[in-house]
Amino acid sequence: MFKSKFIVIGVCLLCLIAANLSAQVVSAGRTPPAWVSNLESVYNKSQFLAERGEGQNREQAERNAIARIVALFGQQIQVDQNISHSYQEFVRNGASAGWSETLNVQENMRFSSSIDSLIGVEIREIWQDTRSRNPVFHAVAVMDRARTIRIYTEMVQANSALVKSLTTMSDAEKNSFEGYSRFQFAAVIADVNITYGNVLSVLDSPVTGLPRGNEFRQEAQNIIRAIPINVVVRNDRSGRIQGAFAKAFSDLGFRSGGTNSRYILNVDVVISPVDNPNNPNRFVRMELDANLTDTTTRSVVLPYNFSNREGHTTVSEAENRAFMSAERKINEEYKVLLSNYLSQLLPKR
């Protein structure tokens with residue numbers, strides 16, 4: 001596993017464990033097997049991708065052999081770590097099952113949920129060279145072309161079917177948080193599919209016409225721009241709280257306003273005096289409750305609340321400070337809160 005924002009679907013602990021278990025021939029001696037001196041004489045290039053690795057121990061030899069297999073694929077099998085995690089979450093928590101039309105698709109999705117390993121690589125043979133005082137280990141990593149092509153083709157087909165299912169909906173379904181979520185996850189799956197397609201291209205079995213994730217991300221942004229959110233604030237002062245929330249929505253691309261909006265942010269502001277007889281200043285407490293509601297389901301999709309306490313020589317100025325503090329807090333927090341909610345919203349069937 002590489003320590004960067006990218007992960008390579010190749011060198012990982014699980015892959016190495018699987019390789020160890022699948023080793024068919026382990027030998028030692030002074031006469032090397034044929035594959036050590038002439039790899040293609042044993043593993044024909046038309047049928048296999050094969051690479052040798054050496055090391056001072058067996059594990060090191062296996063790692064080097066697998067790393068050389070991975071190197072054959074180059075940059076084409078790198079996946080952004082955030083995309084990888086989102087994909088795995090979508091599959092592993094069962095969300096993908098509701099969008100798959102057949103059990104076969106579901107099984108393929110579960111099988112492909114761990115995209116941090118290059119599927120189909122195994123260690124076929126290991127030889128320990130005992131001719132020197134410090135024996136050297138040799139290992140050969142092998143990928144059966146036909147088997148790997150079949151596996152990745154099935155996964156591409158499963159992902160393509162899932163993308164189609166996620167993005168097929170009515171306009172009413174589309175212009176909603178759920179629609180946005182569906183296109184966002186379609187983007188993640190499309191990006192993973194491009195990676196799988198790249199594996200097939202290296203294996204001389206290219207797949208054409210795979211859409212890229214950015215196509216669906218752009219549509220997700222179009223959805224946001226088509227969703228108005230009505231902000232209703234009780235006990236506001238000169239529209240200050242309403243303006244702070246409207247800015248948060250606007251910064252993310254939403255439109256605010258409208259009387260028939262599907263989504264309404266209902267905000268209650270309560271100002272109350274705070275007794276502090278030992279202090280000459282006047283103090284007030286503001287309690288703010290904001291509930292983002294889906295009027296179609298009549299459910300609160302995102303609650304938000306806080307309280308603050310401010311003081312000054314007069315009650316009116318203490319209240320003014322409470323509103324200023326609330327504006328600042330909303331500006332700092334609400335956009336991030338809403339963005340995180342949208343990014344973690346899994347589409348439900």
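Leaving aside its neighbours within four places in sequence, which residues is F323 in contact with? They are N235, D236, R237, R240, I241, V269, I271 and M286, where contact means heavy atoms within 4.5 Å. Welcome to this protein, which is a predicted model: local features need pLDDT of at least 70, side-chain atom pairs count only at pLDDT 80 or more, and totals for chains, interfaces and linings use all residues. Residues are numbered from 1 along each chain as its sequence is written, and side-chain values use heavy atoms, with hydrogens and water left out.

**The whole protein**

- The protein has 11 helices and 11 strands; these are DSSP runs numbered from the N terminus, with helices (H or I) of at least four residues and strands (E) of at least two.
- Of the 349 residues in the protein, 46% are buried; buried means under 20% relative accessible area, exposed means over 50%, and partly exposed is in between (1.4 Å probe, protein chains only).
- Among contacts with a separation of 6 or more, 72% are between residues 24 or more positions apart.

**Helices α10 and α11**

- Two packed helices are described by the angle between their axes and the distance between the axes.
- Helix α10 (residues 240-251) packs against helix α11 (residues 315-344) at an angle of about 20 degrees, with the axes 9 Å apart; axes are lines fitted to C-alpha atoms, for helices over the stretch in contact, and angles run from 0 to 180 degrees between N-to-C directions.
- That makes α10 roughly parallel to α11; angles under 35 degrees count as roughly parallel, over 145 as roughly antiparallel, 65 to 115 as roughly perpendicular and the rest as oblique.
- On the α10 side, the residues making the contact include I241, A244 and F245, and on the α11 side they include F323, M324 and I330.
- Sorted by class, the contact of α10 with α11 has 11 nonpolar, 2 polar and 5 charged residues; Ala, Val, Leu, Ile, Met, Phe, Trp, Tyr, Cys and Pro count as nonpolar, Asp, Glu, Lys and Arg as charged, and the others, Gly among them, as polar.

**Helices α6 and α8**

- Helix α6 (residues 145-167) and helix α8 (residues 177-202) have axes that come within 9 Å and cross at roughly 160 degrees.
- The two helices α6 and α8 are therefore roughly antiparallel to each other, and their crossing is left-handed.
- In the contact of α6 with α8 there are 17 nonpolar, 7 polar and 2 charged residues.

**Two buried residues**

- F323 is found in helix α11 and is buried, with a relative accessible area of 2%.
- F323 and I241 are 82 residues apart along the chain, and their C-alpha atoms are separated by 7.5 Å.
- N230 belongs to strand β7 and is buried at a relative accessible area of 17%.
- Beyond its neighbours within four places in sequence, N230 is in contact with G257, G258, S261, Y263, I264 and L265.

**Two residues with positive phi**

- N235, in the loop between β7 (228-234) and α10, has a positive phi of about 70 degrees although it is not a glycine.
- N235 counts as exposed at 56% relative accessibility.
- R298, in the loop between β10 (282-294) and β11 (299-312), has a positive phi of about 55 degrees although it is not a glycine.
- R298 is exposed, with a relative accessible area of 78%.

Methods. A crossing is left-handed if the near helix is turned anticlockwise from the far one by less than a right angle, and right-handed if clockwise.
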